Amino acid sequence: MAIGVFDSGVGGLTVHRELTRRFPERDFVYLADQANAPYGGRGGEDIVNLTQAGCERLFEAGANILVLACNTASAIALRRLQQTWVPEARARHGRPVNVLGIIVPTIEAATGLPWTYEAERHGEKVEAIEITGVFCTAATAMSRVYEIEIDKRREDLAVFSEPCPGLAGLIELGAPAEELKVVVQDHVDALRRRIGRHPDKAILGCTHYEIVADLFAAALPGGTPVIHQPTAVADALDRYFQRHPEYALGGSGRRDFLTTGTPGPQSDLVAQFWGAPLTFQPA
């Protein structure tokens with residue numbers, strides 16, 4: 001049995017790398033749906049269907065816990081899969097299986113509160129407002145998941161999402177750093193103009209963006225806190241396994257990398273981020 005990690009492309013490697021650091025003895029299988037990447041500009045039904053197909057492929061590969069290392073899939077597809085498809089998949093595969101997302105851990109990290117917490121509203125004026133900027137895909141921004149879920153827990157946090165169409169695709173293609181720098185700076189500037197100032201903290205709400213986290217840090221004012229999803233997800237998965245000992249996890253340290261796209265070596269940008277050349281096998 002293995003831990004599965006799914007993304008539309010290479011962005012999920014940012015979460016995958018942190019998970020393998022946290023659980024080095026566990027078996028992992030990673031699946032990139034590069035044939036259909038990126039997901040950010042797709043319609044909702046398309047995202048649900050593609051995510052379900054990727055999850056089924058990982059279950060077939062022996063994974064029993066899956067992490068959707070994709071904000072778009074987590075925002076659009078996760079709830080429906082958990083409610084309607086995962087129970088059927090458990091029965092069909094004859095073992096405990098589940099699909100987890102990355103937005104819940106991120107919101108817990110952003111608010112400092114557990115997902116189960118919901119603030120009581122007394123109608124009092126909130127004097128101090130801290131602004132959180134979320135850089136994400138168009139689909140994630142349209143879902144307003146960060147605005148809705150953070151507001152449920154913290155009235156003193158205002159959230160502004162900045163959709164960055166095309167950025168994940170550029171990262172996926174291994175675009176030069178100078179080109180990526182310009183795009184990132186443009187989106188940071190666009191968010192500043194909308195808010196009237198820079199955000200007090202930022203969320204990189206697309207796992208691809210972690211690969212260029214240094215460019216976001218450089219574009220934001222020095223010292224701006226950035227919430228990193230890989231760390232938040234690893235913390236949450238550790239807590240999940242403590243609560244659910246029924247999930248058997250392989251202990252051979254196996255690492256498999258699959259793609260629906262063209263197998264072979266990944267881009268220099270990905271190799272530089274990963275710390276070594278990385279080759280995908282056909283899914």
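In helix α1, the residues L13, T14, V15, H16, E18, L19 and T20 are buried. The helix spans residues 13–22 and is mostly covered, with seven of its ten residues buried. The model discussed here is predicted. Its cysteines form zero disulfides, and a search of the whole structure finds one cavity of 30 Å³ or more.

**Helix α1**
- The buried set in α1 includes the charged residue E18 as well as the nonpolar residues L13, V15 and L19.
- An α-helix has 3.6 residues a turn, so residues three or four places apart point the same way.

**Cysteines**
- A disulfide is a covalent bond between the sulfur atoms of two cysteines.
- C136 is buried, with a relative accessible area of 0%.
- C164 is also buried, with a relative accessible area of 2%.

- The largest cavity holds about 80 Å³ of space.
- This cavity is lined by 13 residues, of which S8, C70, T72, T137 and C206 are the closest to its centre.
- By class, the lining comprises five nonpolar, seven polar and one charged residues.
- Among the residues closest to the centre, C70 and C206 count as nonpolar, whereas S8, T72 and T137 count as polar.

Notes. Residues numbered from 1 in each chain as written. Predicted model: local features only at pLDDT ≥ 70, side-chain atom pairs only at ≥ 80, totals over all residues. Heavy atoms only, no water. Disulfide = S-S within 2.5 Å. Buried < 20%, exposed > 50% of the residue type's maximum accessible area, 1.4 Å probe, protein only. Helix = DSSP H or I, 4+ residues; strand = E, 2+ residues; numbered from the N terminus. 1 Å grid on protein atoms, 1.4 Å probe; cavity = no way out; pocket = protein on both sides within 12 Å on 5 of 7 lines; lining within 4 Å. Points joined across faces, edges and corners; volume = space filled by probe spheres on them.
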